[in-house]
Amino acid sequence: MPIVPDVPTGGFQDGHGRGAAHPSGPLFRDEAPHEHPQEPMPSPTPPPPPAPPAPRQKKSAGRNLGAAIGVGVGLGAVIIASLYIWAPAFVGVIAIAVVVGLWELTSRLQERKQIKAPLVPLAVGGAAMVVAGYVRGAEGAWVAMALTALAVLVWRMTEPPEGYLKDVTAGVFAAFYVPFLATFVALLLAADDGPERVLAFLILTVVSDTGAYAVGWRFGKHKLAPRISPGKTREGLVGAVTFAMAAGALCMQFMIDDGIWWQGLILGLAVAASATLGDLGESMIKRDLGIKDMGTLLPGHGGIMDRLDSLLPTAPVVWLLLALFVGTG
């Protein structure tokens, strides 16, 4: 009898008589295996519900608005009281603001740039400059400015010569930037209608800043000077000019002796320009120093210098235009 080769269990022979192992799965796709029945497929996990859209962020002023308003109202009350109760007291307010502003500026220069502008002669000379402007007029202000610059040069000689040039240069700049420009406010006060001139100057500057902020916050899209102050827009500048010109016409017509409304339009335009340039100028200084604010003395505002930035360059502009329009009084 023929020898039959052993075939593995479950095996089969192909057409040539060779043995082949039966695969563990079915021979055909539609053949269900009997040895290992299929387990039911798990039901697919339902996709997660779509995330709700993120709420639209509101524009923010980046400041504590309540504190800013409170401080502004308090400063306004002090200014108005000193103006109309006893005018020389307002000269003291200017002198105090000048000394604090000089302290902030010289402190930031030393901290960020290692520039040691001498504070003592600046503070004494700055206060004297304001008083001299009120008592002796523009001539007194110029003399006090020259003496303050000389005092800065001499005071710095008591220290080693290293850095002398940059220190005295910064000192003379600080003397001009803060007390000398502030002296024009004292010159405004010295006129017969001095309190009204000072108040008009403050109103126009504040209105210009407010108009720039309000219009720029709501409609601003085109940057005015993005490398210096990214928050300022061309639309904000239009708002500053519009608001300041309207306020200028009202102030000249109803507050300034012999003033005419059309003169106020010119005055408002000039104030908007000088206030904007002053704000940009201090922004340039702060960017060079790598700081956001000059100080922290005024909650919601920063430091004194952060409030004087638009006022300081505007004071000589207002004084000059009022002198041309209605005289120095």
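## The α4 and α5 pair

Helix α4, residues 164-189, and helix α5, residues 194-219, have axes that come within 7 Å and cross at roughly 140 degrees. Because an angle has to be over 145 degrees to count as roughly antiparallel, α4 is classed as oblique to α5. The model is a predicted one.

On the α4 side, the contact is made by Val185, Leu188 and Leu189; on the α5 side, Gly194, Pro195, Arg197, Val198 and Phe201 take part. By class, the residues of this contact are 6 nonpolar, 1 polar and 1 charged.

## The α2 and α4 pair

Helix α4 also packs against helix α2, which spans residues 88-113; the two axes come within 10 Å and cross at roughly 160 degrees. That angle makes α2 roughly antiparallel to α4. The crossing of α2 and α4 is right-handed.

From α2, the contact draws on Phe90, Val91, Ile94, Val98, Leu102, Leu105, Leu109 and Lys113. From α4, the residues are Lys166, Ala170, Ala174, Tyr177, Val178, Pro179, Ala182, Val185, Ala186 and Leu189. The contact of α2 with α4 contains 16 nonpolar residues, no polar residues and 2 charged ones.

## Pro179 within α4

Pro179 is a residue of helix α4. Its relative accessibility is 0%, so Pro179 counts as buried.

Apart from residues up to four places away in sequence, Pro179 touches Val98, Leu102, Gly126, Met129, Val130 and Ala174. Gly126 lies 53 residues from Pro179 along the chain, yet the C-alpha atoms of the two are separated by 4.9 Å.

## The largest nonpolar core

Which residues touch the most other members of the largest nonpolar core? They are Val198, Phe201 and Leu267, out of 58 residues in that core. Helix α4 supplies the largest share of the core, with 15 residues.

Phe201 has contacts with Val185, Leu188, Leu311, Thr314, Ala315 and Val318, leaving out residues up to four places away in sequence.

## The α5 and α7 pair

The axes of α5 and α7 come within 9 Å and cross at roughly 65 degrees. The crossing in which α5 passes α7 is right-handed.

Leu204, Thr205, Ser208 and Asp209 of α5 meet Leu267, Val271, Ala272 and Ala275 of α7. Leu267 is also one of the residues that touch the most other members of the largest nonpolar core. The contact of α5 with α7 comprises 5 nonpolar, 2 polar and 1 charged residues.

Val71 belongs to helix α1, residues 65-85. With a relative accessible area of 17%, Val71 is under the 20% cut-off and is therefore buried.

Beyond its neighbours within four places in sequence, Val71 is in contact with Leu298, Pro299 and His301. Val71 and Leu298 are 227 residues apart in sequence, and their C-alpha atoms are 6.9 Å apart in space.

## Loop residues with positive phi

Gln114 is found in the loop between α2 and α3, the latter spanning residues 119-155. Phi of Gln114 is near 55 degrees, a positive value in a residue other than glycine.

Asp258 lies in the loop between α6, residues 234-254, and α7, residues 261-289. Asp258 is likewise a residue other than glycine with a positive phi, near 65 degrees. Is Asp258 buried or exposed? Its relative accessibility is 68%, so Asp258 counts as exposed.

## The chain as a whole

The chain holds 9 helices and 4 strands. From the N terminus on, the order of elements is β-β-α-α-α-α-α-β-β-α-α-α-α.

Of the 329 residues in the chain, 38% are buried. Among contacts between residues at least 6 apart in sequence, 68% join residues at least 24 apart. The pairs Pro179 with Gly126 and Val71 with Leu298 illustrate such separations along the chain.

Methods: Residues are numbered from 1 along each chain as its sequence is written. This is a predicted model: local features need pLDDT of at least 70, side-chain atom pairs count only at pLDDT 80 or more; totals for chains, interfaces and linings use all residues. Side-chain values use heavy atoms; hydrogens and water are left out. Axes are lines fitted to C-alpha atoms, for helices over the stretch in contact, and angles run from 0 to 180 degrees between N-to-C directions. Helices (H or I, at least four residues) and strands (E, at least two) are DSSP runs, numbered from the N terminus. Angles under 35 degrees count as roughly parallel, over 145 as roughly antiparallel, 65 to 115 as roughly perpendicular and the rest as oblique. Contact means heavy atoms within 4.5 Å. Ala, Val, Leu, Ile, Met, Phe, Trp, Tyr, Cys and Pro count as nonpolar, Asp, Glu, Lys and Arg as charged, and the others, Gly among them, as polar. Buried means under 20% relative accessible area, exposed over 50%, partly exposed in between (1.4 Å probe, protein chains only). A nonpolar core is a set of buried Ala, Val, Leu, Ile, Met, Phe, Trp, Tyr and Cys residues joined through side-chain atoms within 4.5 Å. A crossing is left-handed if the near helix is turned anticlockwise from the far one by less than a right angle, and right-handed if clockwise.
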